[in-house]
Amino acid sequence: MDYCKLSNMTVSYSRKGNPCDNACIESFHATLKKEYIHHKKFDTIEEIKSGVLEYIEKWYNRERIQEKRGYLTLVEFEEMSKKII
């Protein structure tokens, strides 16, 4: 909270039962579980941390295409967006 005050930012929390604020991250967490977590066996917290980081940085951002992004990866879509702006 102190960082937000120092940065002149307003913290926003939705009311209980109003999930719209969390829709994007909830969708990502569901995808992460479906595509990665439920298919692996982890023995340590470090394996989970490094595995999830690799999933996000290697697979989700750089290789996984999505129809709603015109069948581009997230990195490709962001690069294309930078050229438009």
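**Close-up views of the predicted model**

At a relative accessibility of 12%, Tyr-60 counts as buried (under 20% relative accessible area; exposed is over 50% and partly exposed in between, with a 1.4 Å probe and protein chains only). The model is predicted, so local features need pLDDT of at least 70 and side-chain atom pairs count only at pLDDT 80 or more, while totals for chains, interfaces and linings use all residues. Residues are numbered from 1 along each chain as its sequence is written, and side-chain values use heavy atoms, with hydrogens and water left out.

**View 1. Helices H2 and H3 cross at roughly 100 degrees.** The axes of H2 (residues 23-35) and H3 come within 12 Å; helices are DSSP runs of H or I with at least four residues, and strands are runs of E with at least two, numbered from the N terminus. Axes are lines fitted to C-alpha atoms, for helices over the stretch in contact, and angles run from 0 to 180 degrees between N-to-C directions. H2 and H3 are therefore roughly perpendicular (65 to 115 degrees; under 35 is roughly parallel, over 145 roughly antiparallel and the rest oblique). The contact (heavy atoms within 4.5 Å) involves Phe-28, Thr-31, Leu-32 and Glu-35 of H2, together with Val-52, Tyr-55, Ile-56, Trp-59 and Tyr-60 of H3.

**View 2. Phe-28 and Tyr-60 form an edge-to-face pair.** Four aromatic pairs are found in a search of the whole structure; rings of Phe, Tyr and Trp (its six-membered ring) pair if their centres lie within 6.5 Å, with planes under 30 degrees apart counted as stacked, over 60 as edge-to-face and the rest as tilted. The ring centres of Phe-28 and Tyr-60 lie 4.9 Å apart, with the planes at 85 degrees. Phe-28 belongs to H2 and Tyr-60 to H3, so the pair ties together parts 32 residues apart in sequence. Phe-28 is buried, at 16% relative accessibility.

**View 3. Tyr-36 and Phe-42 form a tilted aromatic pair.** Their centres are 5.9 Å apart and their planes make an angle of 50 degrees. Tyr-36 is buried at 13% relative accessibility, whereas Phe-42 is partly exposed at 22%. One aromatic cluster is formed by Phe-28, Tyr-36, Phe-42, Tyr-55 and Tyr-60.

**View 4. Gln-66 lies in the loop between helix H3 (45-60) and helix H4 (74-84).** Gln-66 is buried, with a relative accessible area of 12%. Apart from neighbours within four places in sequence, Gln-66 is in contact with Tyr-60, Tyr-71 and Leu-72. The C-alpha atoms of Gln-66 and Phe-77, 11 residues apart along the chain, are separated by 9.8 Å.
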